[in-house]
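Student: I'm new to this one. Can you walk me through a piece of it?
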Amino acid sequence: MKIGIVKHLNARPLTLYFERSPEFFPVYENPSVLIELLKKGELDCALVSSIECIRNEDRFDHTKIVGVCAKDIVRSVLFFQNEKETGVPKQVFTDKGSRSSVCLLQCLFHLEYGKTVEVIPTDAKEISEMMEKGNGSHLLFGDHALLQTPVPGYQVVDLAEWWNRITGLYFCFAFWAYPKGKHWDNQIFLTALEYGLKELPSIISEEKRLPIAITDRYLKQELHYIPEKKNLDGFQLFVKTAKELNLL
């Protein structure tokens, strides 16, 4: 079976089992690409942005028994506010890898300021180059956010922390999705997660791009993979807000 694997550190505890199991053929991509491959029938299952599970609920089922979740800090979904832009920016250049992160940013501006912003999907490398020149405000996702070094002239806002401050709730960034009519036992996703959590020490030690202490805290404390009630309640509010803004 072909299974879509998110190629970022935050997904490793969910995906490592499928990567190592011979009955699965992993396809590595960003969530925004994986959902398109799923639509084309090129994948049997994929880890995709949570908002895409709702946008495509007529075609796909998804499991909420596991997912990429955060409470009040996520570290890997960051808004870089250009300090030269006072108030709400007219537009934000957003990492095109994750559509849930982009939609979350739009919902947050609406809930906090009663305004919406124009988002411009942009390659993460281009975003880093623009920040070095002090141009624009930006959103980075996943490893791109984790590895982005501080840039003078920018205020950094963690979106999960912002969401928690406004709503008092947690957030779900990604779920496993698969075509309606194809049976997937939830137990396989739990088995995969159990395997990934047992392998956390090796996942952490093999990550050479970040200090071990940061990787350890990120995967063990800042992220969690079994949604709690406050995650699911937060997701429902997210969907409700997105619908009000015609973002679905």
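Student: Is H224 buried or exposed?
Tutor: This is a predicted model. In it, H224 has a relative accessible area of 13%. The cut-off for buried is under 20%, so H224 counts as buried.

Student: Where is H224 placed?
Tutor: H224 lies in strand 11.

Student: Which side chain does the side chain of H224 make a polar contact with?
Tutor: That of N231, at 2.7 Å.

Student: Leaving aside neighbours within four places in sequence, which residues is H224 in contact with?
Tutor: G67, V68, C69, A70, K71 and N231.

Student: New topic. How many residues does helix 11 have?
Tutor: Helix 11 has 16, running over residues 229-244. From first C-alpha to last, helix 11 reaches 23 Å. That is close to the 22 Å expected at 1.5 Å a residue.

Student: Which residues of helix 11 are buried?
Tutor: N231 is one of them, the partner of H224 in that polar contact.

Student: Where do the buried residues fall, seen down the axis of helix 11?
Tutor: Within an arc of 165°, so they line one face of the helix.

Student: Which residues are exposed on the other side of helix 11?
Tutor: K229 and Q236.

Student: What do the buried residues of helix 11 pack against?
Tutor: Helices 3, 4 and 7 are among the elements they pack against. So are strand 4, strand 10 and strand 11. Strand 11 is where H224 sits.

Student: Last one. What follows helix 11?
Tutor: N246 follows, with a positive phi, near 60°.

Note on methods:
Residues numbered from 1 in each chain as written. Predicted model: local features only at pLDDT ≥ 70, side-chain atom pairs only at ≥ 80, totals over all residues. Heavy atoms only, no water. Helix = DSSP H or I, 4+ residues; strand = E, 2+ residues; numbered from the N terminus. Expected span 1.5 Å × (residues − 1). Buried < 20%, exposed > 50% of the residue type's maximum accessible area, 1.4 Å probe, protein only. Arc of directions from axis to C-beta. Contact = heavy atoms within 4.5 Å. Polar contact = N/O pair within 3.5 Å; in protein donor to acceptor, adjacent residues only side chain to side chain.
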